[in-house]
Amino acid sequence: MSVDTTLASTSNSLVYSAMAVYAVALGASAFDLATLGEKVGAKRRAASRSAGRRDEATSQAGGVGTITVGRTTAPTGPAPLAEDGTPRRAAGIATSLTVLALLLHLGGVVTRGLSAHRVPWGNMYEFSVTGTAVVVLVYLAVLSRRDVRWLSTFVLAPVLLSLGLAVAVLYTDSAPLVPALQSFWLVIHVSIAFVSSALFVLAFSTTVLQLVQERREDQRAAGRPTGAGRFMEALPPSADLERLSYRLIAVSFPLWAFTLVAGAIWAEVAWGRYWNWDPKEVWTFIIWVVYAAYLHARATGGWGGRRAAYLSIAGFACLMVNYGVVNVFFPGNHSYSGLS
Amino acid sequence: MTTTQERPAAVPDPPELDPAPVGLGLLGWVRWTWRQLTSMRTALLLLMLLAVLAVPGSLFPQRNIDQVAVATYYEQHPDLAPWLDRLSLFDVYSSPWFSAVYLLLFISLVGCVLPRTRVHLANLRQPPPRTPARLSRLPEHRSVVVGASPERVLDAARAVLRERRYRTAEHAGAGGRSLGGQRGELRETGNLLFHLALVGVLVAVAVGALWGYRAQVVVPVGTSYVNQTTNLDTWDPGALVTGDSLPPFSFVLDALHVSFDDDETSNQYGAPRSFSADTTLTEAPGGAAVERTIRVNEPLRAAGASVYLAGNGYAPVLTVRDGNGDVVFDQPTPFLVQDANYSSTGVVKVPDSPTGQVGLQGIFLPTAALGTDGMPASSFPDARDPVLYLTVWTGDLGLDDGVPQNVYELDTSEMTLITTGDGIPVRLRLEPGQTAELPDGLGSVTFDSLDRYAGFTVRHDPARGAALVFSLLAIAGLTASLFVPRRRLWLRAGAAPAGASDGGSVSEGGRTLVEVGALARSEDHGLAGEADAVLAAVLARLDEQHPQQPAQQHPQKHRPEESAP
């Protein structure tokens with residue numbers, strides 16, 4: 001099986017094109033955030049939010065003479081930011097461009113895989129390119145359920161950064177897989193790891209924003225000026241950001257456990273030991289334990305909120321060590337970086 | 001790891017740390033210590049400690065992974081290494097401090113989960129709690145006035161709640177009869193299952209370590225392997241494995257196929273592309289022989305053991321003749337691979353030579369070239385230009401005192417290196433088919449041909465399947481504990497206060513005020529939707545029971561469509 005170099009270079013062109021479009025999308029979304037932040041900030045000073053909504057309504061529904069008398073409900077999620085119907089043209093452009101860039105990006109991923117007749121995650125370069133595509137894909141999936149356009153800046157920036165790192169530092173020519181990776185477990189183990197990592201990346205962004213927002217809320221409550229970062233006004237309150245971070249991590253955590261177990265099954269098939277304390281295994285385990293500590297802390301009195309958030313950030317730091325340091329610098333069975 | 005069950009915000013947290021007991025004596029202290037150990041906060045600290053303590057094992061070489069790397073570390077840091085060793089930093093995952101943390105964590109886990117299991121089982125048998133006097137105080141509250149009787153409303157509600165997997169109980173109260181429902185006990189069940197399954201995983205790992213074994217064997221192409229401890233190159237049994245309990249299978253290594261990336265323009269030049277070993281397996285002595293291919297990622301499973309293709313290399317077939325010209329050594333000699341291009345090292349020990357014991361130390365290069373440091377090195381892993389370099393030792397090989405020796409190392413303590421007149425070691429250079437004379441009348445050595453060998457790992461782990469089952473149970477439990485909402489919901493049907501409203505036409509049975517109240521007992525983002533859905537389902541069910549009524553109320557509603565031809 002030889003490598004189709006035409007497809008491989010098509011893949012490179014597509015990845016570069018995707019990066020260019022991501023960059024424009026990033027600009028548009030940052031602009032949106034800045035203008036919306038100004039607007040919401042001005043509105044906030046005029047009105048304060050009520051803790052709950054009470055709908056008093058009388059209506060007729062159903063055949064047995066139903067009259068709704070009352071409905072009390074707890075506040076759920078962030079109030080829509082553009083409630084007043086302000087068009088967010090820049091945000092719309094950013095979303096459209098993100099979709100376009102993702103299509104180019106996925107094209108790059110698929111052609112890369114086709115060029116070597118295999119899944120496109122056999123080395124660090126491919127892992128980064130495919131992984132960032134999954135991050136954007138997961139962001140768009142969340143976006144299809146709720147309006148999280150305020151998050152796009154904080155997704156596109158790290159994605160662009162990782163892609164830049166991938167093409168500049170990690171680039172490896174397309175080639176067939178080494179025998180150790182020739183297994184369908186490569187498909188299962190790594191693709192689950194992609195989705196799980198993507199959710200952790202998003203959760204990291206929302207957690208950092210949550211901490212920044214909390215600081216601003218504290219300052220506001222104490223009557224101090226909130227300083228720079230007006231764009232934060234466009235973001236939901238910290239409690240909502242905290243809930244979103246939790247939900248992302250709650251979805252990701254069992255997936256990470258599955259990554260760990262699938263990796264162990266593969267290790268048994270490949271090396272005869274399902275667990276051997278290989279550096280990659282160790283760090284995957286550490287990440288799992290740190291996020292377990294996050295979930296645990298959240299349920300422990302006095303450990304929620306900010307303290308739990310620090311654990312989530314620590315978990316992300318471990319994820320980055322696992323991705324960027326372990327493959328390259330720690331000798332072990334996972335030294336597939338393709339770098340020499 | 002005690003409880004990851006979330007409390008509803010309304011219930012205040014009990015104080016986590018009790019004050020230490022004063023004057024309570026030994027039993028009091030034991031109780032206090034136990035309570036501390038099984039508290040949430042301790043479990044959390046142990047979890048964080050476990051993560052931190054796992055790190056050094058990835059920074060320092062570990063004996064369980066790579067003994068050679070540890071030895072190299074000792075050479076490079078002769079002062080530091082013994083101190084690191086005293087702190088078990090080369091055996092982190094079996095060190096006392098790492099073991100202490102995970103054992104404490106598991107004791108804490110069990111100490112918390114067992115009582116919780118008892119409470120949970122009791123809870124499952126208890127009827128849902130009584131209806132609060134004021135449902136409007138609950139986080140979610142709905143109220144409607146309907147024309148159906150309270151009995152019919154409660155019947156409908158009972159059916160709806162059961163459909164939605166609530167356990168229900170009926171209560172009578174001042175405001176009218178009511179129904180209490182509770183659901184989502186699976187969340188706590190899952191949580192307990194998760195924690196107990198983790199204990200199962202730990203036990204399975206321990207069983208595997210105690211009763212399993214791992215062995216390595218080098219098999220040249222064309223030779224056979226019989227699964228006995230005496231035939232193994234390394235033998236690493238668990239503490240409770242008794243000597244000769246290996247399953248008696250055997251196989252012949254018929255052929256070994258290897259290929260490498262030969263695209264010189266690629267930066268992957270020389271990378272391995274495929275390895276496979278054709279074998280003929282006999283599962284039991286006298287049994288039928290079957291052909292099996294072993295590949296990386298495709299082990300051979302035979303008689304409860306697994307055989308993995310772990311490595312491969314070159315085994316030059318060498319013949320050594322003594323000073324009289326008699327053959328004293330004649331066999332394929334496996335050389336151990338040292339780098340990605342298969343530069344390999346090996347030794348030949350010839351103890352039975354009447355003209356003096358001979359030891360040969362060799363470097364084998366499948367594709368001979370000069371390395372960047374000017375020393376000979378291989379430039380490609382396939383055998384394109386094989387060359388063997390040998391240095392010659394004579395003296396006492398040390399094989400006669402019965403101490404087992406590493407077959408890949410020469411003990412030169414009682415031997416002398418043969419040198420030329422000016423002190424430079426004699427180095428013989430051989431290509432396949434060539435013969436070289438050994439100096440000092442020791443005889444000759446012939447490089448007859450080049451064979452390959454395969455390195456196999458033989459492994460048995462009796463608790464492998466159990467570890468997998470417990471892991472999957474843990475993930476299933478974890479998923480339930482994160483995503484099954486735990487809720488309480490009450491529905492009260494009482495007489496509607498006069499003048500509540502008179503929007504609808506009332507058909508029968510007076511007017512009934514239906515109130516729904518819901519309380520989340522866990523992280524719950526769908527509680528409002530649940531309250532709405534329950535109410536809508538109850539109303540829909542009341543409607544179904546009186547299909548004529550919508551028609552009465554909205555006489556024209558369906559007519560036009562129905563009358564269309």
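Predicted model: local features only at pLDDT ≥ 70, side-chain atom pairs only at ≥ 80, totals over all residues.
Helix α9 of chain B, residues 464-483, has the highest confidence in the chain, with a mean of 95. Helix α12 of chain B, residues 559-563, has the lowest, with a mean of 34.

Please look at the two ends of the numbering too. Residues 1-16 of chain B have a pLDDT below 50, and in the model this stretch makes 39 contacts beyond near neighbours in sequence. Residues 548-565 of chain B also stay under 50 in pLDDT, and there the model has eight contacts beyond four places in sequence. For the model as a whole, ipTM is 0.85 and pTM is 0.85.

What is chain B built from? You can count twelve helices and 24 strands in it. Of its 565 residues, 36% are buried. If you take the contacts in chain B between residues at least 6 apart in sequence, 65% of them link residues at least 24 apart.

Now over to chain A. How many helices and strands does chain A have? It has eight helices and three strands. Chain A has 340 residues, and 49% of them count as buried. Among its contacts with a separation of 6 or more, 78% come from residues 24 or more positions apart.

Chain A is also split into two domains: domain 1 covers 1-44 + 89-177, and domain 2 covers 202-340. Taken over C-alpha atoms, the centres of these two domains of chain A are 21 Å apart. Where they touch, domain 1 of chain A supplies 21 residues and domain 2 of chain A supplies 15 residues.

Which elements give two or more residues to the domain 1 side of that contact? They are α1 (5-46), α3 (124-145) and α4 (152-170) of chain A. The biggest giver is α1(A), with eight residues. And the make-up of that domain 1 side in chain A is 14 nonpolar, five polar and two charged residues.

Methods. Residues numbered from 1 in each chain as written. Chains lettered and ligands numbered in written order. pLDDT = per-residue confidence, 0-100. Helix = DSSP H or I, 4+ residues; strand = E, 2+ residues; numbered from the N terminus. Contact = placed C-beta atoms within 7 Å. Domains from an automatic or database assignment. Nonpolar A, V, L, I, M, F, W, Y, C, P; charged D, E, K, R; others polar. Buried ≥ 20, exposed ≤ 12 C-beta atoms within 10 Å, placed from the backbone.
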